[in-house]
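Have the structure open while you read.

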Amino acid sequence: MAELLIKNACVIDPINRINGEMMDIAVRDGMIVESVGPAAAVIDAGGALTLPGGIDSHTHICGTKVNFGRYMSPEDMRAGRTTRRGEMHATSGYSVPTCYGNSYRYSAMGYTTVLEGAMAPIGARHTHEEFAHTPLQDAMANVLFDGNWGIMQAIRDGDQDRVAAIVAWTLAAAKGFAIKLTNPGGTEAWGWGKNITCINDRVPYFEVTPTEIIRSMIRANESLNLPHSVHLHCNNLGTPGNYACTLGTFDLVPDLNDKRQTLYATHVQFHSYGGSTWKDFCSKSEEIARSLNAKPQIVIDMGQVMFGKTTTMTADGPMEFNLYRLHHNKWSNHDVELETGSGVVPVTYRRSNLVNSVMWAIGLELALLARNPWQCILTTDNPNGAPFVKYPEIIGLLMSQKYRSKIFATVHPQTEHRTPLQAIDRELDWYEIAVMTRAAQAKALGIIDLGKGHLGPGAIADIAIYPIQIKDIDPSKEYEQVIRAFQQTNYTIKGGNVVSRNGYCTGTSHNTTYWVKPEVPAALDLDHDPEFEKYFQLYTVRKSNYIVQERALHLNRCIETEASL
Amino acid sequence: MKLMMNSGRTVKQGEQLYYKESREYSEQTSLCFIHPFDLFRLGIEGSENVEIETPSGKTVFKTVASEDVFPGDIFLPCGPYTNFILPPKTHSTGAPDFKTLQVEIRPTEKEPLSAWDLLEAEGGARYDGPSEGCPTRSPDGETKIQDVVCPLCGCLCDDIELTIRDNRIVACDNGCTLSNAKFLATNRLISPIKKVDGRWERIGYDEAIKYTADVLRTAERPLLFGWSGTHGEAQCIGVSIAELIGGTIDNCSSECHGPSIMAIQEVGHPGCTLGQVRNRADVIVYWGANPIAAHPRHMSRYSTYPDGFFLDNSFRDRTVIVFDVRKSETAKVADEFVQIKSGGDYAVFSALRAIVRGKEEIIPETVAGVSREELIRIAKILLGARFGAFFTGIGLTQSRGKYKNVRNAVELVDELSRHTKYTLTPMRGHWNVYGTNQTFTYMTGYPYAVDFSHGVAYFNPGETSAIDMLSKKEVDACVIIGSDPGAHFPRACNEHLATIPTIVIDPFPIMSTAIATMHIPVAETGVDAEGTAYRMDAIPLWVKKVMEPTQPDDAEVLRRIYDAIKEAM
């Protein structure tokens, strides 16, 4: 029986509505409990800010396209190298670090749970192998359904039960966690070198629209009682004027779940653009935030852009080709049969570039204009907007208008005419930051009941202690101290074990993969469905080899749900 | 007489990959395919012996008259004979000149040596004891196992059906001739062996593992090479060993598609999974690749012959174009064959790019032996595709220009993508060579040739690639696993391996056994060991265990070596 007592912690735990109370936290066998015995090991937090372990609800750290980002960019690998040290392995990479690099850097920042934002089911085994080599975080993966032939055919046939059946079977086969739609319909169109411009275009051959795909998948998601909602990367990412498409998409979303949102819209910064060309490109964050504020059924994440070099990677193949034609750097693409696509393009966001400066402003505006922090999650869509190691700087920007103004003075001078950022004086507080970096993620992902994202008795003991005394600090002025504190914890504790101490990562953490297995009525079980067998012959792998066996996974936790079908 | 040498796969050579001790392997890899006109000039008729010489050495081959080879060229099957005369120079790419190498050829009275003779000439000692049989265990009676993944080439066909009886595989259905040969091979090595005074002695696993750990721990410039013939889990442990001892870990890519990876690192890779090609492609291009010999079911499963969802009549509606320096088996079944002069691929890519860009007028009368008219006609076919797929082989990576050839191929695909849909897929050779790139990359950041001697992972093909390190005699200890450099590395590398502690980890006696100091046999992945492999299009598949092992697998042997090193440190 391993016991630990964290004394003198200044706790912010939004799920339990605790805001800056000095308290002790008791841990037994990896879980938070009411109290422990006198023999418990003691950590004296000394009044330092203590939060539940950080959760990234949209990041790209493991799998085929992530690894391609590494493989094609030795220059990025050289830009972030560390040697083997104690129990820590050597790492490489700046914007796309190796598995160990991701794991150590997230852990040093207090993160204990990550969600890989996009996994093609046929490549799921690869993602799980990388999860196994990401030792200091629990992990889960979104499964891509944006161009799934079986689903598009079922939607065309008006067979909603079959849509749900295919989702259920595929999630369990891929050992995935949630439904991801990336540019729904657009990735299939890209199989012919074409794209979808907005939600009412028809997908070539399949003749369904993104509107129909999104609506049907939301229904399937809720009928399968999945923990998370549909996780959507809207159509038309990254083009001037795309905000109208985003607003249209938001208008499609009913409010179907009283525990969480019905739609998670990811990296919305990339979808909040006005103008008709790059010449009159401008921010439409106010319109997007207005829509969000009126729709509690939607949660977004920022997709903040930060200046510097990074690597873009997404299932949105056509978008990456367009990006390549703007940047002329190098271009990788990987279309996935019957399912989706993907692309990888390295980029540099420059302050001297007006478009990049406006993009930087939009992400911040969304976070500052969203009234409810539970509805706007802090991300960079790592590494698309910036590598996740930039999160502390983003926290600094959100907490300090002074810091924003200081950076604003260095960006393209036209930016002030294209964005409302300088007119916003809101500064987020510690509680709101705690919501936006862990609590809102736990709620949005539907994992509070699994003990994630909070510090109440019964929770998994994932805890981050940051070297900062919040009572003594004015983040509005002393933002540099805030940034430093969030860059490196004193202690990161995962499952009751100290996994990182002052940036030095130690030991392992029984890192666990979370996946869902929806139980459907026998008539909808596709394991022995002759039509589905026939459909599978369109793949180049056998159905039996497509399924990721549970024993091929690292430690894992299956979330069984019962479908309402 | 001076001729241009190209070496590559043949079907017969491929069938003998797991029977290298056999006379047939020696016979099939000592052939020399030559145009009758050149034979005539040599004063030879039909099948006679010739001595082929380069600045690195000479040996005897047997001629085969072949009109498929351009006059002025010769084609040699890859293997120990070709490599006996191959200079180790890689032009800082990691891959030597397996192709477009000028050689001197003359008739001779001498007979070809055997493969073992060649390895002994390189400083080794043959291991040609009688077959020791098969260490696998099957259930009683006869068992059929379906959907087995074939561990032979990068196609990773997953529809093989095996019949198992009496502790061995007795039948292999759906597989190609190479697959059959591998699954039915039984001449495994049963116990570890150690070379003592030039003779082989049996030892136990404990001693073998301790020896290997001691050698690696005390070496100053250890190299861990191979990995394409084992599963991902073993590869990851290999990386951890390299990190622990400050060694270099490299895989077979460095001599095959390493230059493709260098090109991808310059310009990227517009690719797709093979099902995209199967269901959509109406134009298929094989360039410097001969799938009929090296990936026998590639055309029937993925590209040319299978039903495609978006094609009415798949076979009739697809156009197959082959670009090659010789009329390969694949060229013979293609709709279009474009024969390029050896070393001329780069120029032909450039010409096609120019035509696609609308600059027909700058194309000269001929480009590397291809007429202007033909180039324009082919470019029209390419542009007329709804979905076009390029498959590029080691004809591009191992010939003059190396990675720049592949770069130009990617840039042609980029150019075509502005008009219609195009993708490109390198024809990865070993079943899990792409897996080595995947695991090495997520573990270290780099796909091959990773040097940990400075503590950090450092990658520089040409410097940290196996052939370069061995030919410069930097390496002072080597582990060979899942590959056979004895058959596939230039002579100078093997000569160096024969002078240092070299440990082979492999289920079968192989050519490298001869130049090793120790051989540790292991269970064979796909037969009595299991793990992940990556197809040539990055699809990960679980390679099954179909019988019970009596030997440890690669992962277990490596884990024990890792633990022994760590304990002694």
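In chain B, the axes of helix 7 (residues 205-218) and helix 24 (residues 554-568) come within 9 Å and cross at roughly 55°. That angle makes helix 7 of chain B oblique to helix 24 of chain B. Helix 7 of chain B passes helix 24 of chain B in a right-handed crossing.

A word on the source: this is a predicted model, where local features need pLDDT of at least 70, side-chain atom pairs count only at pLDDT 80 or more, and totals for chains, interfaces and linings use all residues. Residues are numbered from 1 along each chain as its sequence is written, and chains are lettered from A in the order in which they are written.

| Helix of chain B | Residues in the contact |
|---|---|
| Helix 7 | I209(B), K210(B), T212(B), A213(B), L216(B), R217(B) |
| Helix 24 | V557(B), R560(B), I561(B), A564(B), I565(B), A568(B) |

By class, the residues of this contact split into 8 nonpolar, 1 polar and 3 charged.

Now for chain A, which is divided into domain 1 (3-52 + 454-505) and domain 2 (54-449). Their C-alpha centres lie 28 Å apart. Across the boundary, 28 residues of domain 1 of chain A are in contact with 29 residues of domain 2 of chain A. Helix 17 of chain A gives the most to the domain 1 side, with 5 residues. That side of domain 1 of chain A has 15 nonpolar, 10 polar and 3 charged residues.

Key:
Domain bounds come from an automatic or database domain assignment. Two residues are in contact if their C-beta atoms, placed from the backbone, lie within 7 Å. Helices (H or I, at least four residues) and strands (E, at least two) are DSSP runs, numbered from the N terminus. Ala, Val, Leu, Ile, Met, Phe, Trp, Tyr, Cys and Pro count as nonpolar, Asp, Glu, Lys and Arg as charged, and the others, Gly among them, as polar. Axes are lines fitted to C-alpha atoms, for helices over the stretch in contact, and angles run from 0 to 180 degrees between N-to-C directions. Angles under 35 degrees count as roughly parallel, over 145 as roughly antiparallel, 65 to 115 as roughly perpendicular and the rest as oblique. A crossing is left-handed if the near helix is turned anticlockwise from the far one by less than a right angle, and right-handed if clockwise.
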